[in-house]
Structure formats: C-alpha cells, structure tokens
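Trainee: I have not worked with this structure before, and I would like to go through its chains and their contacts step by step.
Mentor: Then let us look at the entry together and take one question at a time.

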Amino acid sequence: MNVIGSLYFYVCAAVAIAGAIATVTARNPIRGAVSLLVMVVSIAGLFLALSAEFLAAIQLIVYAGAIVVLFLFVIMILGESSSSVHDKKRIVSRTLAAALLGAVSLGAIVLVVGVSTPLQAPRIRAGFGGIDAIGRALFSDWVVPFELSSALLMVAVLGAVAIAKGDIKRPLESAATTPGSASEEQP
Amino acid sequence: MLSTYAPMFMIIAIATLIAGLFYTFATVLGPKNPTPEKMMPFECGSDSVGSRGVKLSVKFYLTAILFVVFDIEAVFVYPWAIQFRQLGWFGLASMIGFLSVVAIALVYVWRKGALEWES
Amino acid sequence: MLLMFALSPFLVLGGGALLLMLAEVFSRRPSGLAIGTTIVFITSGAFSVALWLYGIEFLPVGILSPWILVDKFTLFFNVLLCLGGALASLLAGGYLVEYKLNRGEFYSILLFATFGGMMLASAGDFLTLFLGLETMSLGAYALTAFRRASPRSAEGALKYFLLGSFAAAIMLYGIALVYGATGSTDLARVGAAFSHGVVTSHPMALIGLVLIVIGLLFKVSAVPFHMWTPDAYEGAPTPATAYMAVVVKSAAFAMMLRVLLTSFGDAESMSWSAGWPPALAAIAVLTMTVANLIAGRQDSVKRMLAYSSIAHAGYLLVGVVVALRSKEQAAAGVIFYLATYTVSTIGAFGALILLGSYGKEAVSYDDLAGVGKRHPAIAMAFSLFLFSLAGVPPTAGFFGKWFIFRAAMDSGFYWLTILAFINSVIGAYYYLRVLVFMYMREPQPGAAIAVPMQSRHVKAALLLSAVFVLALGLAPTCTLDAAIAAATTFRM
C-alpha cells in the first residue's frame, strides 16, 4: 500500500506539473485551457490521497466542470485575435528573469526541505474529509467564515452584473482616443 | 484510503485503455490517401470565408459567471443537507442566513434583467 | 442579544446593503441611492462608536474569536472605513449622474466592498482575513471597470485584476506555508509559534512570512509592487478612485498592522538584524522617493494624486517600521495618519470632481488654469486639501506626518525621518504646482476650460471633508486619543 501510495502521489504530481507547464507554454489558448483541466484533475487526485474526498469531488465539479468551461467560453468570445500569442518582445530578458526567479524559488525550497525537521502528519479519524465531517465542521466551528463567504459571492454577482450588463454609453475620452471601441466590440 | 477507490481507478484505466486502443488502431490501420480536396475545410460545399472565431455576445459570459457563483453556493448546501438532522436548528438558522443573502442576490439579478436574453 | 450588538456594525452594513438592493430593483425610478448608501454607512459607523462608548469588555465577543475580533482597533477602523465609504458615495451621487453612469450596482458594490474591508480590519484568522481581502478586492476591480465603454477603464481594471489575483495567490501560498509549519491559521497562535522559534525548526515558516509580506505590500501599493496603481486609479471613475485610495488602502494597512504585529511580532521576526523591519524600511524609502519623483512629472492631476497616494503609503510604512521599538506607538501613528489621509484625499478627489462636468472635465493642470478667479470657493477647498496632503499646518495632514515622524525619531530612526522629511518637501512641490495653475495662470485663449458641475452631493462631501481636515488640524487631541486607545490592542 505504501509503495502504491507514493507511486500514486508521484504520478499525480508529475501529471499536475506537466499540465501546469503545458498551460503556460501552449500557443493555442484552447490547448492551454485543456492542459489546465488536466492539472485540475490531477490535483483532485492528490486531494483524494490526502483523504479529502469532498474537496476532490468539488474540485472536479467546480473547477473542471465550471471554471475551465468558462475559460473556454471566454476564449471563444474573444475569438481569433486572442487565440495565438505573438508577443516576442524582450523574450530573452523575460526568459532570463523567469529562470532566475525559478532558480531562487527552487533553491529556497530545497534549502528549507533540507534543514526542516520533518512535519508529522496528524493522525486522522475515519471519515475525515468526507461530506459528513465537512458538514459538521462547517456548521459548528467554522460557521462564522461560512456566513461571511456569502458577502464574497454577493460581490462576485454584483461585479458581474456591473461589468457585463446594461447599456453602454460611450464616454468622451474613448471617442477621442479610439473611436468605436466599446468593451463588447473587441476585434 | 486509496484502496477504497481501487474500482474507480480500474474503470479509469480500462476506459483509457479501450479508448486508446481504438484511437491507435484507427490511426495505424486506417487507409490514408490524402488529396488536396480532402484536406480543404468543408463548409457545405462553398468556400469558407471569414475568421474561425465566432463573436459571441457578452450575455453568454454573464450567464456563465452567474452560473459559477450559484454553483459554488450549491456546494455549501450538500454537506448541510447530508448532516441536516444532526445539525438541528442551529444548522438550519445558519443555512437560512446564508441562503437569504444568496437569494437576494438572485432576486437582484433577476430584476435587473441579467437573466433575460432579450433586452 | 449582546452578541448582535457586538456585531451590529457588520449587521447594519450588510443588512442595509441588502435592503438598498431590494429597494433599487423594486422601485420604479430608483433615486436617492447615494443618500441611502451614505445613511447606511453613517449608521454602521455610529454603531461602532456606540460599541466603543459602551465598552467592548462587557460584550461576549469571545465566541467570535478568532474569526472576528471586536476590539478598539476594529472599531476605529470601522468608523474610518464607513466615513470613507460615506464620502465616496456622496461623490458618486454627483459624479455618476453627471457622467451618465448612474447604475445602482455602484452603491451596492461600494457597500459590500466596505463590508469586506471591515472583515479585513477585524480578522483574527488568516481564513477570514483572506475572505475579507477578496471581498474588498473583487469590489475594487469591478468599480475600476465601471466606466465600461472606456478603454482606459478596462485596461486599468484588467491590470489591477491580474496583478491583484497574482498577489493574492502569492499571499495565499505564504499562508499555506505558515499553516504547514505552525499548524494553525489563527493569527495569535501563529504568533505564539513564531515566538517559540518555529522558524528554526521549520524554515518554511520564514518563506511563508516573506510571501505574506509581499502580498501585503502589493495591497498597500508600495514600490516595487505599485505598477497597477496609476493605471487603475486613472481608469476608474473618480469616486471609485477616491474610494480605492482611501478605504481599500486603510483596510490594507489595518490588515498589515494586525498580521505583522500579531503573528510576526516576536522579538526575532522584528529584530533589525534578522526580521522584516529593515526590508520594510528600505521599501518605505523606495516608495516615497520613486512615487514623489514620478508624481512631479505628471500632466494629469488625477494621475498625480494616484502617485501621491503611493507616496503616502511610503510615509505610512515608515510608521509601521517604528513597531521595532514600540508596537503601540507605531500602530497609533499609522492609525492617526490614516484618519488624516482619508479626509484629505477624499476632499482632493472631490474637488477635482466638482471642478469638471460632462464634456468639460478637469483632468490636466492646464484645465485648472484660472480656476482660482472663476470659482474661488472650490479652489479654496482644493487648496486646503492639498495643503493637508502636503502636511502644512494647521491642517490634518500636518499632525499625521508629525506623529509618524516623531515616533520614528523617538525610536532612533533619524536617517529614515530625514529621508521622509526630504520627501515631503519634494511632495509639496507638485501639490503647490496645482495652486500655481489655479491662482497664477490664465487659460490659453481658445482652450477648453473645465466647467464645474452642479451637485449638492459633491458639495456636501467637500464641506464635510473640509470640516474634518480643519477639525483634525486644529484639535487633533480627541482623534489622537482614540487612535492611541485603538493601538492598545497590540499591548504585550
């Protein structure tokens, strides 16, 4: 079990990293979104290994089911002009900066893992991470943040309505600078 | 823990295997003799014009984003529904508090006409 | 019942916002939303004052801990954020009508974003802290994008949103690392773990600290994490700019004080040799200097005010660094400065709004030429707010700077004080430049001149801010005492 367990972890982790790399390097944004899907699904697999079953299911329903679909949607809306990245400006300096940042982060992580005393994984009870346990926790100790999260959802709804609903009146400044470009009329 | 899900992983593996086999056989065994006509995009016999990207209305986007928000709200309802009896009145009150806020959001969106297609 | 009373600022704000939303969508011709929003803000602020006077020690707030800490620090910030929100909604009441942007969502977002800000100021746990941060930030992104047809607005909002989400992700990663090392998200328990040397046994806590501090610096728009600020502030409708410069920044500083002083406030993390104060001091100097130098070169007054708000973040960071010697003095200085900054900045943006009207907006310095003769009252109010921002006595801004600089001197940061002082002199240059244009220049013949809008809302907001600026300048004692009382939250 232990060997299978670590094998499972490494496979999921490797797929997740591969998916993440593919997401940022893909030329075609649709491929990028699908790579993101791969990453999201393997993260759900990792949640499963941590016995966070409910979280794994939610990850699949919300992220894989709704958010990636929303991304694909946006890519479709923006259409042709957005579907390939041609930005080659300062590609060398940008690559160097990214490599430097990556190397520093990796170095820090290796250093930290090297000197840290290993973390003791807490022993968990049966049913931990299941829907029952989540329900009990959410409505006892965590009820305050749960209620407060409704404000976040409300702001999200309001923001969506404010940005995407209602008539567009063209202000003066846009008429002066770029005539006829309203937010829905992206080329 | 993972052993509980062994059947699920087996199904995934078998499904991937079967799909992969069909795909491989189709690509390897299928006869291929491409001609320029065959490689052209097919659009009801006429030549295709314009760009591939279809300009969609921002309404799709609004609907999609509202869906995600209410989807997340539904996620909170699952664990409450499962534990409904054990949580008792306190759970009910908390859920009513949460849902009434979200319900007001729904009413607001509705009255604003964000769910209407024609406007 | 007492618990309801303890939560009343939150309940009033949230409930009032919901009622206003329902009123807006069910009434035939929604009007008076600006006034309604202002009343909700003022009521919430009044409940905070009532709680302060009643005495929080008599309230059963323990069961809310650590999610929501109702202490004097929270209450002071509740009042401050509500004041900022109320003035911003008054400004919006004039601006949105004038520029034909009058849609009710603006006020609802204003209310809920402030709700998020209050969550942020009162959060005693990283979980509620992050919830509050996101609630406030999402609102701010939406407000920035509110002028939908303007490409500027869209550009600013997109930059703000992308960089803001990135910073939130960095901060969340830091929180995860700290949680991994300490086993808790409760700020106080994280602080206990840090003072018991969690950094030596689990150095990843240190990386977590660094990432969290980066997230915090982004949210207060310190250099070099300020790139989004000028574009977002310029693209947003001016009342939203004022709101972001004031409420969002105050709440972010509240979060910064709470996190740094509670969780990372042990002797080791706060030492000059191995802690965060030297990094913060360097960033404070960088922020002041860069922002002041760029602000002096702007043509647009709105953009100048955006850079000026970055520079003020620099002075405030100087105040935070003082925590090295005395947490209470640092917190008191920052809190009081935020109060003076709030009223002066809202006033300055308000004057800019009032000076322009649809099609004849006041944006650049040239638009302001000769305003002093044509509209002496508005020009005088504008001058008052600019003097306050520059720190000229007897305005509010003078005492704000005075207390921070004195705290820095008391703690032995002479070089930091001198640099901050030099910077405020540079700052005075571009504030006075506005005065020069208003009083000593005549508009070019044939050039478009800004025509003031007619709005009682904006005038009321200006009048209120002017009263506050003068009151804080002439009689700062009362507010200062309150700030010192609020800072006792961080007494060891």
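Trainee: Which residues does V157(A) touch, not counting residues up to four places away in sequence?
Mentor: This is a predicted model, so contacts here are computed from it. Contact is judged by C-beta atoms lying within 7 Å. With residues up to four places away in sequence left out, the residues that V157(A) touches are L66(B), V69(B), A105(B) and V109(B).

Trainee: Which element gives the largest share of the side of chain B that touches chain A?
Mentor: In this contact, 42 residues of chain B meet 39 residues of chain A. The elements of chain B that give two or more residues to this side are α3 (58–82) and α4 (84–112). The largest share, 19 residues, comes from α3(B).

Trainee: How many nonpolar residues does the side of chain B that touches chain A have?
Mentor: Divided by class, this side of chain B includes seven polar and five charged residues. The nonpolar residues on the side of chain B that touches chain A number 30.

Trainee: How many charged residues are on the side of chain B that touches chain C?
Mentor: The contact takes six residues from chain B and five residues from chain C. On the chain B side, four residues are nonpolar and no residues are polar, while the charged residues number two.

Key. Residues numbered from 1 in each chain as written. Chains lettered and ligands numbered in written order. Predicted model: local features only at pLDDT ≥ 70, side-chain atom pairs only at ≥ 80, totals over all residues. Contact = placed C-beta atoms within 7 Å. Nonpolar A, V, L, I, M, F, W, Y, C, P; charged D, E, K, R; others polar. Helix = DSSP H or I, 4+ residues; strand = E, 2+ residues; numbered from the N terminus.
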